[in-house]
Amino acid sequence: MKRATRRIRILHIVGGMGRGGIETWLMHILRHADRERFQMDFLVHTAQPCPYDDEVRALGGNIIPCLHPARPWSYARNFRGVLAAQGRYDIVHSHVHHYSGYVLRLARRAGVSMRIAHSHLDSTPGDAAANARRRLYLALARRWIRRNATTGLAASGKAADALFGPAWRGDSRCRLLRYGIDLEPFRSGPDRSVRLELQLPSDAFVIGHVGRFEEQKNHRFLLEITRKVVEAEPKTRLLLIGDGSLRTIIERRAAEMGLSKQVMFLGLRPDVPRLLQNALNVFVMPSVFEGLPLAGIEAQAAGLRCIFADSITREVDIVPQLVKRLRLSETASAWANAVLATRKEVPTVTREDAFRAVWSSPFNIRNSAADLQRLYSTAR
């Protein structure tokens, strides 16, 4: 009788399994993984329930709290306790940016053979403005990553530069791993009920944005752009999908600007592809910095015109006919004019063509998941 092969055990390190870009990609990976070969658990830095927790468990994974990352000695004790209780892991795959240096140091000391530092973010602008204490932490974290990571992965070249430094291209341990999205929800046809559900006027001009309410996403500037668009087209609506620490502040700012009726805060949604395909006319992302935004890929899969800040890596431009870029130094009026111009532009690519372009790209989750599983398979 053939002996069953032991599954490769992977421990992902994340802040929590909310509906952010990193976590959504990890859920795509978990859904498409060969669960007879790979066991994926998630070590989280919170005791609070998160939106994806139940699905992780339903797919055979574990949610394992490991608290107090800001208290290194307590965290180290908790981390060792997790590994002692859960048994041996073949891989620790850390997604917590610079803090990965400390996590992987602990993993190396615990005897984990494959230790992956994964950069999802271009944090260069914030790192450059860091105070002396923060710069000391960053230097120590990068040193620990170099010493303790057996593999460095990054969502984009900019994300790799931010965590591994510009010399990563000459380091055989480092490579790009393209994000992937699940394209099955983008196969569906038009659904006219979506605008009715959202109580959008049938002739509304709808701008959309998906992203956490944090400084990097630049929601304040997006409101300025929207105000200028509304001045030219009063039937404009702005749909903001997501949540975050600045949501209340942005809601208050929208009211102060007289945009309460034009701006809709939809919160965290499980049906983002459905909204992109059926509610929006144009997708706008004026981020100060990004790693590689999944929402930008999804917008192109939906066939939407996209207006991106030039700070966002061009690696996300899968369907260049749909993408226009502007500098963040340009005025809100210039951005508004670009948004308004999309109403009159004749599409040079169909929604079907856009979908096919994303399907055949490395950003199809089938390709992304297969690539990652090939890497995991080398752990033995």
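Asn-218 is buried, with a relative accessible area of 17%. Keep in mind that this is a predicted model. Asn-218 sits in the loop between strand 8 and helix 9. Its phi is positive, about 65 degrees, although Asn-218 is not a glycine. Why point that out? Most residues other than glycine have a negative phi.

Gln-199 also has a positive phi, near 60 degrees, and is not a glycine either. Find Gln-199 in the loop between helix 8 (193-197) and strand 8. Is Gln-199 buried or exposed? Gln-199 has a relative accessible area of 72%, so it counts as exposed.

Next, His-219. This residue belongs to helix 9. His-219 is buried because its relative accessibility is 4%, and the cut-off for buried is under 20%. What does His-219 touch, leaving aside neighbours within four places in sequence? Its contacts are His-209, Gly-211, Arg-212, Phe-213, Glu-214, Leu-240 and Ile-250.

Now helix 13, residues 332-341. Its buried residues are Ala-332, Trp-335, Ala-336, Ala-338, Val-339 and Leu-340. They pack against helix 9 (219-232). They also pack against four strands: strand 8 (205-210), strand 11 (282-285), strand 12 (305-309) and strand 13 (323-326). An α-helix has 3.6 residues a turn, so residues three or four places apart point the same way.

On to the cores. The largest nonpolar core has 72 residues. Which members touch the most others? Met-17 and Phe-283 do.

Let's turn to the rings. The model has ten aromatic pairs. Ring pairs join Tyr-75, Phe-79, Tyr-99, Tyr-102 and Trp-144 into a cluster. The charged end of Arg-9 is over the ring of Tyr-89, 4.1 Å from its centre. Arg-343 lies over the face of Phe-205, at 5.8 Å from the ring centre.

Last stop, the second largest pocket. Its volume is about 270 Å³. Tyr-99, Tyr-102 and Trp-144 from the ring cluster are among its lining residues. The lining also includes Pro-69, Ala-70, Pro-72, His-98 and Leu-136. Which helix gives the most to this lining? Helix 6, residues 132-148, does, with five residues.

Methods. Residues numbered from 1 in each chain as written. Predicted model: local features only at pLDDT ≥ 70, side-chain atom pairs only at ≥ 80, totals over all residues. Heavy atoms only, no water. Phe/Tyr/Trp six-rings, centres within 6.5 Å; stacked < 30°, edge-to-face > 60°. Lys NZ or Arg CZ within 6 Å of the ring centre and 35° of its normal. Core = buried A, V, L, I, M, F, W, Y, C linked by side-chain atoms within 4.5 Å. Buried < 20%, exposed > 50% of the residue type's maximum accessible area, 1.4 Å probe, protein only. 1 Å grid on protein atoms, 1.4 Å probe; cavity = no way out; pocket = protein on both sides within 12 Å on 5 of 7 lines; lining within 4 Å. Points joined across faces, edges and corners; volume = space filled by probe spheres on them. Helix = DSSP H or I, 4+ residues; strand = E, 2+ residues; numbered from the N terminus. Contact = heavy atoms within 4.5 Å.
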